[in-house]
Amino acid sequence: MIVGTRFFGRIMLAGSLVTAVAGSAAGQGTSAYWKPVEEALGRKGTPNPNSVVRFAFPRSDLTVVLNGVTLKPAFALGSWVAFHRIGDHVMAMGDLVLLEDEVESVMASLQQNGIEQTALHNHLLGESPHVMYMHIRAIGNPGRIARAVRAALEFTKTPLAQAAAVPPTPLDLDTTAIAKIIGVRGKANGGVYQLSIPRREKIHPDKNDKTEIPAAMGIATAINFQSTGAGKAAITGDFVLLGREVNSVIWALNEAGIQVTALHSHMIGEEPRLYFMHFWAIDDATKLARGLKSALDRTRPRG
């Protein structure tokens, strides 16, 4: 695991900042404010609470196999970048899914265009081909940030054209039982059942900046289920933890037969300090849900 090193301060991208658009529509993904971002990234974003718009780039070009399971893009191969509007500029954060031979070129492109790397590491163990995850951050003009991200993605085989809408994929999972056990209702996405559990604390970029980072910027615990048939599922995702919670959650996951595959940072300098714990298992889906619930009970997720 390689984690981003010293934080050299916020990057305020060159150029004048976009003037705020009047009216409540400015925070929506379809507003004029976000048009330069959508044009640069070649797709519509998904509006989220707290003036966040999130753009997904599934690595549907990859065939990644782990323990005999071919991973769906929505399960563990989804690059994304989210934009949080703050007055007349944005904070952007994201996670790019990369093959090893894509890392150097993508990092160089991002550096040249003023985008910070805040972490580079694995999320899984033993998958083929091996996949790396590069976390990014920038503050400034949304259009300029989007163009920089697009330029970096062009050094990969990430599909950059907006994918056509496809019919929902049957999940072959008892999602009602999973949601009841974990206590959170999830959503179906690309044949994967996804659950998101925000933390209760307000997370800030650093101790001197009281701007709150919304959960949609990648600081909510994420749990994904992919059916493997006969009531079984593969699970992955990451717990978002305070330092004092880390070893208690490791213990709970191990007791449930869930493998911890990575423990690291995703950001630099945030307050309070967060740790991200990735996991993997294949077993009865409801059994795994009970194990995940046991681990969640050792944290302070938002109810």
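The model is a predicted one, so local features need pLDDT of at least 70 and side-chain atom pairs count only at pLDDT 80 or more, while totals for chains, interfaces and linings use all residues. Residues are numbered from 1 along each chain as its sequence is written, and side-chain values use heavy atoms, with hydrogens and water left out.

**Overall picture**

The protein has seven helices and 15 strands; these are DSSP runs numbered from the N terminus, with helices (H or I) of at least four residues and strands (E) of at least two. Of its 303 residues, 51% count as buried. Here buried means under 20% relative accessible area, exposed means over 50%, and partly exposed lies in between, with a 1.4 Å probe and protein chains only. Among contacts (heavy atoms within 4.5 Å) with a separation of 6 or more, 69% are between residues 24 or more positions apart.

**Helix H6**

Let's turn to H6, which spans residues 246-255 and has Val 246, Val 249, Ala 252 and Leu 253 as its buried residues. Because they cover an arc of only 130° around the axis, they sit on the same side of H6; the arc is that of the directions from the helix axis to the C-beta atoms. Asn 247 and Glu 255, on the other side of H6, are exposed. After H6 comes Gly 257, with a positive phi near 75°.

| Element | Residues |
|---|---|
| Strand E13 | 232-241 |
| Strand E14 | 259-264 |
| Strand E15 | 275-284 |
| Helix H7 | 285-296 |

Gln 117 lies in strand E8, residues 116-121, and counts as buried because its relative accessibility is 13%. Its side chain makes a polar contact of 2.6 Å with the side chain of Gln 111. A polar contact is a pair of N or O atoms within 3.5 Å; within protein, one must be able to donate a hydrogen and the other to accept it, and residues adjacent in sequence count only if both atoms are side-chain atoms. The Gln 117 side chain also reaches the backbone oxygen of Ile 115 at 2.7 Å.

Ala 146 belongs to helix H4, residues 142-153, and is buried, with a relative accessible area of 0%. Leaving aside neighbours within four places in sequence, Ala 146 is in contact with Val 37, Ala 40, Leu 41 and Phe 83. Ala 146 and Leu 41 are 105 residues apart in sequence, yet 6.2 Å apart in space, C-alpha to C-alpha.
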